[in-house]
Amino acid sequence: MTGKWNYLPLTQQEQLIETELAKRYASVPPVSQLLVERGITSVEEADQFFHPQLKNLHDPFLMPDMDKAVRRLNKAMGSKEKIMVYGDYDVDGTTAVALVYKYLQSFYSNIDYFIPTRYEEGYGISSETIDEFARQEVKLVIILDCGIKANEEIAHAKEHGIDFIICDHHVPDTELPGAVAILNPKMPGSTYPCPHLSGCGVGYKLMQAFALNNGLPMSDLEAMLDLVAVSIAADIVPMVDENRVMTYYGLRRLNSNPNMGLRAIIRICGLTGKEITISDVIFKIGPRINASGRMQSGREAVDLLVSRDIADATRHARNIDQYNKDRKELDKRITEEANAILSQRIKAGSDKKSIVIFNKDWHKGIIGIVASRLTELYYRPSVVLTLSNGLATGSSRSVQGFDIYSAVDSCRDLLENFGGHTYAVGLSLKEENIPEFTRRFEEYVAANILPSQLKPTFEIDAIITFAELTPEFVSTLRRFNPFGPGNSKPVFCARNVRDFGTSRLVGRANEHIKLELVDDASGKVFNGIAFNKAELFDEIHAGRPFDICFTIEDNKHQGAHGAIQLQVKEIQLR
């Protein structure tokens, strides 16, 4: 699908700021523009951006209810009550449980953890699980990455004398659960400076507050930032403010002395001895940890992440790697089946602005991935449903700029349960309600989505020439890491470039173009790769000039640090 290129020059006010920043970065002209586009308004802010400091993490007691949470946790430990750490079965939930359990367990023994299975207990917490906790004489549950809508279940827990501390980051409903404390930066009226923490990030803030309150050294907790970094990358929360600081130090930990369980996964991924990046977390480490909850039980992911024995960690890592291989096969098959259905709809003339698709035999643990793939392929808000425990259960994903939570919320009277955030929502409903849900969901999307949101848009950060791609500029660009939403990898546009004469088709089906490009202005030659653009090869190879939209990547295949490759996202022939 051909995308729209969107380039917005700096406003007059931004140009004034850029002029001041350019005095510091005169030798690398595009840098000052990139900083301004990220909301940086002074040299001091630029220094903080390029040199993240843990001292700049926010006071955790700025979060509403934090004092109540710490007070209840202290009471539980002082009275030797049994504490249960409970979390969701995805990467965010399992890393959160591992962090809180591992930190508290280092000096408190009457503590355990629990991860529900996707197929038996399902998302969130159930009354049956609470009954089991009562039998175990649990008095306090710290629930992570879920719980914000568990009103009935937490009321049931109160009847058993069990208190809850909720650490969640999903959008709250109008009626809140009766927990002792609700830690959620998205709470109505919250003025916490970083509203987009991951679930693990909220758990970290609770432990930070606990450590401050009890005069404990921060070094032990900071050593667990690798878990927070994995959660932030995998859950795709904004890479801004303290999320960026925690990820920066978490990546340093991953590359120096990672958690033993993560070390075992790193070895399985073939990343030992290599510089681990956010991309490695998103595409290699995160999916493996996620596969445990998708295919079997998320508990094994926590078992891995809290392991203190390398042989034990390696065993869990191998199991999880196999789950990931099984997940890939299912993912491929279900995506192909979904594509076949949607292709028939398109042939039949469907011009719907959304996708709702149901197959009772699809694997529940894979449908979120399939929803993501359909959204990428068709650029429509997508809901994928399957049958689980008598209900149609599904996951939804959205396109850039469209609030799918509001779309699902508009159909709430048809749903048994739902929860999530702007770009991803989980939901369940009775099978007989699917046709009406499909109709009303499409009605809402069609009325609220913008035409520009129905095709990919490439936001151009700067228009540059090859002459500006100097080693100093590329080196400075690396300091913009870690990348993520809110601090995306810069996208550049270079105009009037040509094939140097040596570009060629590559890939199993010759579907990609391995580019060697030169521009008229500098004469410099750069390597590039354009995935799935083979249909343009003949005109490119014939010497026709074109514009490219691209990011700058380290070329790990060339070995030497400093070698770069242009990852060409779009090509426009002139």
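Modeller: Let us begin with a term: a residue is buried if its relative accessible area is under 20%, exposed if over 50%, and partly exposed in between, with a 1.4 Å probe and protein chains only. Please keep in mind that this is a predicted model, in which local features need pLDDT of at least 70 and side-chain atom pairs count only at pLDDT 80 or more, while totals for chains, interfaces and linings use all residues. Residues are numbered from 1 along each chain as its sequence is written, and side-chain values use heavy atoms, with hydrogens and water left out.

Biologist: What share of the residues in the chain is buried?

Modeller: The chain has 574 residues, and the cut-off of under 20% is applied to their relative accessible area. Buried residues make up 54%.

Biologist: How are the rings of Tyr 25 and Phe 50 arranged?

Modeller: Rings of Phe, Tyr and Trp (its six-membered ring) pair if their centres lie within 6.5 Å, and planes under 30 degrees apart count as stacked, over 60 as edge-to-face and the rest as tilted. By this rule there are 17 aromatic pairs. In the pair of Tyr 25 and Phe 50 the centres are 5.9 Å apart and the planes stand at 70°, so the arrangement is edge-to-face.

Biologist: How many residues apart in sequence are the parts that this pair of Tyr 25 and Phe 50 ties together?

Modeller: Helices are DSSP runs (H or I, at least four residues), as are strands (E, at least two), and they are numbered from the N terminus. Tyr 25 lies in the loop between α1 (12-24) and α2 (30-37), whereas Phe 50 lies in helix α3 (residues 43-50), so the parts tied together are apart in sequence by 25 residues.

Biologist: Are Tyr 25 and Phe 50 buried or exposed?

Modeller: Both rings also belong to one aromatic cluster, formed by Tyr 25, Phe 49, Phe 50 and Phe 480. As for their accessibility, Tyr 25 and Phe 50 are each buried.

Biologist: Which residue has its charged end over the ring of Phe 50?

Modeller: A charge sits over a ring if NZ of Lys or CZ of Arg is within 6 Å of the ring centre and within 35 degrees of the ring normal. At 4.4 Å from the centre of the Phe 50 ring sits the charged end of Arg 479.

Biologist: Is the pair of Phe 107 and Phe 210 stacked or edge-to-face?

Modeller: Phe 107 is partly exposed at 38% relative accessibility, whereas Phe 210 is buried at 3%. Their ring centres are 5.9 Å apart and their planes are at 15°, so the pair is stacked.
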